[in-house]
Amino acid sequence: MAEEKGLEVDLEKLTDAFRALREKAKELGIKDSHLVKISSVKSLQKKRVTFFVLTTAIFGLVGIFSGVAFLLHRHEFIHHSLFKFSQYLIDFSMDKDICLVPYPEIILDMFRPPVNCSVCKEVHKVDRVSALSKEEFLRKYAYTARPVVITDGTKDWTASEYFSFKYFKSIYSPDSPVMSSEDSNCQFFPYQSGYTALEEVFNMSEKDANMEGKPWYIGWSNCDSSAANELRKHYNMPYFLPETSESSKTDWVFMGCPGYGAHLHIDAVGNPSWQAQIKGTKKWTLEPPPECSHICDPKLEVIVNTGEIIVLDTNKWFHQTDIIGKEMSITIGSEYD
């Protein structure tokens with residue numbers, strides 16, 4: 001245990017020392033763009049990249065062949081140390097590095113911030129509530145990571161009357177940044193659909209669009225301000241969110257056929273989020289992070305019906321969605337702070 005604490009302290013000292021030097025350089029008017037030109041820094045960056053690639057490869061191979069990833073997550077100290085180490089590696093990039101090769105989810109998960117297991121320790125089911133006051137939501141759910149479904153969450157919204165495949169297709173111009181997803185703020189989620197951009201989705205055959213051909217499920221972040229203004233005519237900030245909270249400027253839309261959905265994953269977004277079921281029905285499967293598997297219930301399931309909103313901290317809960325029933329599923333969601 002003493003050696004473990006020593007390792008953790010060394011990593012923290014190393015990180016703090018570098019950050020202090022970097023702040024001192026900023027005070028002296030030395031920009032990051034100048035600092036990275038120093039030969040010693042270049043050398044360290046090369047070593048960092050090489051070492052990080054090797055470390056990633058080692059963890060990946062060991063994780064695949066011996067299940068070490070699971071063991072690492074169960075050991076909270078090791079997970080915490082990995083996270084601290086990754087902070088140093090990432091911070092050393094001067095905030096300018098570009099990720100050329102996307103990392104597998106197993107690697108990203110290994111270096112995610114460790115979760116305090118109190119968020120799921122006493123959670124044995126997903127609450128279903130209505131007429132939820134702002135005060136109760138703030139006290140029980142807003143920032144506690146306790147999942148909840150608000151059954152009257154979309155009351156007074158007109159989204160269910162308007163949102164459809166044809167409606168979404170009509171509000172985006174051909175040159176909308178959403179269509180190509182080339183803007184870094186415009187994310188497209190293909191899942192297993194085979195599509196690579198929203199433009200391809202809107203060009204699918206009428207048969208597929210009417211769920212009479214090839215099934216599909218996709219999502220996108222709405223970075224088109226003009227389209228956002230149109231969409232928000234039909235929904236508001238959920239009534240139960242505190243007056244002081246604000247939703248993200250960029251909302252997400254998910255749409256697809258029964259039998260499809262999102263695989264089990266965990267997010268890396270800034271805040272908790274809400275997701276409103278505008279049409280169709282989804283089954284949500286929630287699992288605690290592996291480091292909490294010995295403390296928390298292994299799995300929670302909840303059905304979210306048309307008109308209901310699920311609130312979930314997707315940074316802390318692994319989650320999977322499956323569209324059930326016969327109707328196309330359309331959901332819209334956003335983060336809140």
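Reader: How many aromatic pairs are there in this predicted model?

Author: The count comes to 21 aromatic pairs in this predicted structure. As a general idea, a pair of aromatic rings is described by the distance of the centres and the angle of the planes. Take Phe137 and Tyr141: their centres are 6.5 Å apart, with 35 degrees between the planes, and the pair is tilted.

Reader: Where do Phe137 and Tyr141 sit in helix H8?

Author: Phe137 and Tyr141 are four residues apart in helix H8, so about one helical turn separates them. Phe137 is buried, at a relative accessible area of 0%, and Tyr141 is buried too, at 1%.

Reader: Which pair is edge-to-face?

Author: Look at Phe165 and Phe202: with ring centres 5.7 Å apart and planes at 80 degrees, this pair counts as edge-to-face, because the angle is over 60. Phe165 belongs to helix H10 and Phe202 to helix H12, so their pair ties together parts that are 37 residues apart in sequence. Both also belong to one aromatic cluster, whose members include Trp157, Tyr167 and Trp274.

Reader: And pockets? How much space lies in the second largest pocket?

Author: Here is the general idea: rolling a probe the size of a water molecule over the atoms shows where empty space is left. In this model, the second largest pocket holds about 230 Å³ of space. It is lined by 15 residues, and among those closest to its centre are Phe165, Lys166 and Glu206.

Reader: Which helix gives the most to that lining?

Author: That is H10, with three residues.

Conventions
Residues numbered from 1 in each chain as written. Predicted model: local features only at pLDDT ≥ 70, side-chain atom pairs only at ≥ 80, totals over all residues. Heavy atoms only, no water. 1 Å grid on protein atoms, 1.4 Å probe; cavity = no way out; pocket = protein on both sides within 12 Å on 5 of 7 lines; lining within 4 Å. Points joined across faces, edges and corners; volume = space filled by probe spheres on them. Helix = DSSP H or I, 4+ residues; strand = E, 2+ residues; numbered from the N terminus. Phe/Tyr/Trp six-rings, centres within 6.5 Å; stacked < 30°, edge-to-face > 60°. Buried < 20%, exposed > 50% of the residue type's maximum accessible area, 1.4 Å probe, protein only.
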